[in-house]
Amino acid sequence: MKAPTAGSRSGTTAPGTLYLVPAPLDFGCDSLVSLDRVMPTGTLEVAASLKHWICENAKSTRAYLKRIAENHPLCQPLQAMSLQELPHEVHKKGDHQGHFDARYLLQAAVDGENMGLVSEAGMPAVADPGSSVVRAAHDLEVNVVPLVGPVSLLLALAASGLNGQSFAFVGYLPSTPAERNQRIRELESLALKTGQTQLFIETPYRNQAMLQALLQTLQHNTRLATASGLTLAQAACHSDLAKNWKHRPWTVANTMPTVFAIGR
């Protein structure tokens with residue numbers, strides 16, 4: 001499919017707006033949070049007004065729109081919505097390196113329609129795919145408007161007691177024990193040397209293994225923080241020196257998304 005260009009819109013039609021629509025953080029969890037507890041009314045109203053979507057997964061996006069429709073009527077029936085999925089390779093490898101040209105997904109916005117970008121949880125393009133779509137929108141002179149909603153990384157950072165003035169999100173750590181432990185040591189060295197908080201995530205079913213690796217690898221006086229199930233009723237945020245964690249009754253569930261952070 002030929003990608004549109006900034007000058008390819010018909011006549012004098014002004015481009016639409018690309019809204020970055022946050023989603024609740026309960027994706028894949030056993031219980032769902034009430035949307036009005038975690039999402040501003042204004043965000044839900046904008047989402048309900050959109051009929052063109054770019055998404056990580058069409059099935060989960062339809063489920064999200066159904067939840068929105070319970071209190072905010074959608075602008076048209078769900079079956080009539082246009083939902084374009086990001087390619088599978090973008091999910092697996094990410095699209096932050098600039099190798100994926102997403103302009104073809106934005107034809108509706110070039111033609112003057114408003115569009116929504118959504119991922120399965122939290123803010124799209126932050127620890128989730130979508131940055132290629134945002135880049136393409138800017139290249140096509142399409143307005144980009146981020147909407148207010150939960151961002152797990154910032155919530156976890158705020159609850160950690162670690163440095164919130166300088167921090168980095170480093171994604172997933174290696175899954176093999178030796179490589180994972182080496183990466184933990186590298187991040188710990190950086191955190192202790194610079195004072196920069198290091199945040200990372202793990203696939204939920206590996207949470208326990210990650211916690212044990214951290215406790216076995218970190219120096220005693222390195223601070224470790226975890227934030228699990230954020231915004232849910234069973235949310236839990238813990239933070240202490242690594243040496244003290246071993247004497248705490250804390251753990252992390254293998255069923256809930258968790259953000260890990262280390263620093264001083």
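Reply: Let us start with a term: a residue is called buried when its relative accessible area is under 20%. Please keep in mind that the model is predicted.

Me: Which residues of β7 are buried on one side and on the other?

Reply: The general idea comes first: side chains in a regular strand alternate between the two faces of the sheet. In β7, Thr197, Leu199 and Ile201 lie on one side, Gln198 and Phe200 lie on the other, and all are buried, which leaves both faces covered. Five of the five residues of this strand (residues 197–201) are buried, so β7 is largely enclosed by the rest of the structure.

Me: Which strands are joined to β7, and how do they run?

Reply: Four bridges connect β7 with strand β6 (residues 167–172), and these two run parallel. Within that pairing, Phe167 has Thr197 of β7 as its bridge partner. Another four bridges link β7 to strand β10 (residues 258–263), and here the strands run antiparallel. Leu199 stands opposite Ala261 in β10.

Me: What is the order of the strands in the open sheet with mixed pairing?

Reply: The order is β6-β7-β10-β8-β9, an open sheet of five strands. At its edges stand β6 and β9 (236–241), each with a single partner strand, so one side of each has no neighbour in the sheet. From one strand to the next, the twist averages 15°. Strand β8 (residues 223–228) pairs with β9 over six bridges in the antiparallel sense, and Arg223 has Leu241 of β9 as its bridge partner.

Me: Which helices lie across strands of this sheet?

Reply: Helix α8 lies across β6, β7 and β10, at about 55° to β10. Helix α9 (residues 207–217) lies across β7, β8 and β10, and runs at about 10° to β10.

Me: In what order do the strands of the open sheet with parallel pairing stand?

Reply: Its five strands are ordered β3-β2-β4-β1-β5. The edge positions belong to β3 (82–85) and β5 (143–146); each has a single partner strand, so one side of each is left without a neighbour in the sheet. On average, neighbouring strands are turned by 25° against each other, direction ignored. Inside this sheet, three bridges join β2 to the parallel strand β4 (residues 115–118), where Val118 is the bridge partner of Cys55. Helix α6 (residues 131–139) lies across β1, β2, β4 and β5, running at about 155° to β1.

Me: Against what do the buried residues of α2 pack?

Reply: Helix α2 (residues 41–48) has Thr43, Leu44, Val46, Ala47 and Ala48 buried. The buried residues of this helix pack against β1 (17–20), α1 (35–38), β2 (52–55) and α3 (58–69).

Me: How much space lies in the largest pocket?

Reply: Rolling a probe the size of a water molecule over the atoms shows where empty space is left. The largest pocket holds about 1200 Å³ of space. It is lined by 45 residues, of which Glu56, Ala127, Asp128, Tyr172 and Ile201 are the closest to its centre. At least two lining residues come from each of α4 (88–93), α7 (152–160), β6 and β10. The largest share of the lining, five residues, is supplied by α4.

Notes
Residues numbered from 1 in each chain as written. Predicted model: local features only at pLDDT ≥ 70, side-chain atom pairs only at ≥ 80, totals over all residues. Heavy atoms only, no water. Buried < 20%, exposed > 50% of the residue type's maximum accessible area, 1.4 Å probe, protein only. Contact = heavy atoms within 4.5 Å. Pairing = 2+ DSSP bridges. Axes fitted to C-alpha atoms, helices over the stretch in contact; angles between N-to-C directions. 1 Å grid on protein atoms, 1.4 Å probe; cavity = no way out; pocket = protein on both sides within 12 Å on 5 of 7 lines; lining within 4 Å. Points joined across faces, edges and corners; volume = space filled by probe spheres on them.
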